[in-house]
Amino acid sequence: MDYLDALIMHGPRLWDGLLLTIQLTVISGLLAFIVAIILGLMAGSTNLLLRIPARIIIEFFRGTSLLVQLMWLFYVLPLFGPSLEAMLVAVFGLTLNYGAYGAEAVRASLTSVPEGQWEATVALSMSWPHKMRRIIFPQAWALMLPSLTNLWVHLLKGSSIVYIIGMSEFTFELLQLRRTTDWFFSLAVVGLVVYFLIALVLTQLMRLLEARAKFKLGRGPSLREILSPVPTAKKSPDDQPTPVLPGGAR
């Protein structure tokens with residue numbers, strides 16, 4: 001069987017596996033963002049009742065293998081009572097593992113906000129939620145997005161491991177395609193190209209989000225300028241009209 005015939009025959013299963021991979025990447029990525037922000041804020045808090053539990057959770061999920069976490073949730077946890085579906089286990093495992101890594105990016109970004117900004121919020125007697133929402137977090141958000149983008153791409157690739165709990169995601173279907181073709185075509189051609197394209201789209205979307213965050217801080221062009229097919233000419237100081245004073249004087 002040649003490569004084209006094998007690809008056509010396995011096409012529907014590869015498509016279903018790809019949709020499952022994208023679904024896992026999007027859902028787990030969004031939830032991991034939420035977990036990362038919550039744990040990052042807690043880990044950066046001066047309150048020990050918030051910081052210590054956050055550090056324990058972060059270090060536990062960063063210090064243990066995702067493979068072990070998935071197998072524990074799917075095979076060991078039912079021995080103690082609750083039994084979770086494979087999809088739920090995959091989402092939980094990816095969310096907690098990459099959310100723990102993302103929490104460190106969030107905490108580091110918060111500490112990277114200039115000290116003067118923190119002092120200004122104290123001088124203005126802002127409450128903690130108010131200063132986070134209006135001053136600190138918007139600046140930290142622009143700083144943490146590149147790291148969170150990298151983690152989301154890693155999550156995309158990490159989702160390939162969920163086949164160990166019986167999920168027929170894209171990598172699993174690539175391994176089935178390999179049986180009728182070879183390793184080179186299934187993984188080095190089809191798998192490589194598809195994963196690269198998904199990661200590329202994901203990265204570009206996150207870069208637009210980063211550009212939007214920087215624009216709100218006055219540090220870059222707007223999304224309209226970035227996406228415009230016609231480059232926007234920047235006005236130089238010499239292009240500004242000279243103000244005319246009363247009486248005709250300049």
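Start at Phe-170. Leaving out residues up to four places away in sequence, Phe-170 touches Leu-14, Gly-17, Leu-18, Thr-21, Val-190, Gly-191, Val-194 and Tyr-195. Keep in mind that this is a predicted model.

Now the wider setting. The largest nonpolar core has 50 residues. Which of them touch the most other members? Leu-24, Met-167 and Phe-170 do. At least two residues each come from α1, α3 (66–76), α4 (86–112), α6 (128–158), α7 (170–180) and α8 (183–216). The largest share is from α6, with 13 residues.

Next, the surface. Here we find a nonpolar patch made of Trp-15, Leu-19, Ile-22, Val-26, Ile-27, Leu-30, Leu-31, Ile-34 and Ile-38. Together they have about 770 Å² of accessible area. Trp-15 sits in helix α1, which covers residues 3–43.

Last stop, Thr-121. Look for it in helix α5, residues 115–123. Is Thr-121 buried or exposed? Its relative accessibility is 1%, and buried means under 20%, so Thr-121 counts as buried. What does its side chain reach? The backbone oxygen of Trp-118, at 2.5 Å. Beyond four places away in sequence, Thr-121 touches Met-126, Lys-131, Ile-135 and Ile-136.

That's the tour. Over to you.

How values were computed:
Residues are numbered from 1 along each chain as its sequence is written. This is a predicted model: local features need pLDDT of at least 70, side-chain atom pairs count only at pLDDT 80 or more; totals for chains, interfaces and linings use all residues. Side-chain values use heavy atoms; hydrogens and water are left out. Helices (H or I, at least four residues) and strands (E, at least two) are DSSP runs, numbered from the N terminus. Buried means under 20% relative accessible area, exposed over 50%, partly exposed in between (1.4 Å probe, protein chains only). A polar contact is a pair of N or O atoms within 3.5 Å; within protein, one must be able to donate a hydrogen and the other to accept it, and residues adjacent in sequence count only if both atoms are side-chain atoms. Contact means heavy atoms within 4.5 Å. Patches are made of residues with over 30% relative accessible area and no salt bridge: like charges are joined within 9 Å, nonpolar side chains (Val, Leu, Ile, Met, Phe, Trp, Tyr) within 5 Å. Accessible areas come from the Shrake-Rupley method with a 1.4 Å probe; for residues, only the protein chains shown count as cover. A salt bridge is a side-chain nitrogen of Lys or Arg within 4 Å of a carboxyl oxygen of Asp or Glu. A nonpolar core is a set of buried Ala, Val, Leu, Ile, Met, Phe, Trp, Tyr and Cys residues joined through side-chain atoms within 4.5 Å.
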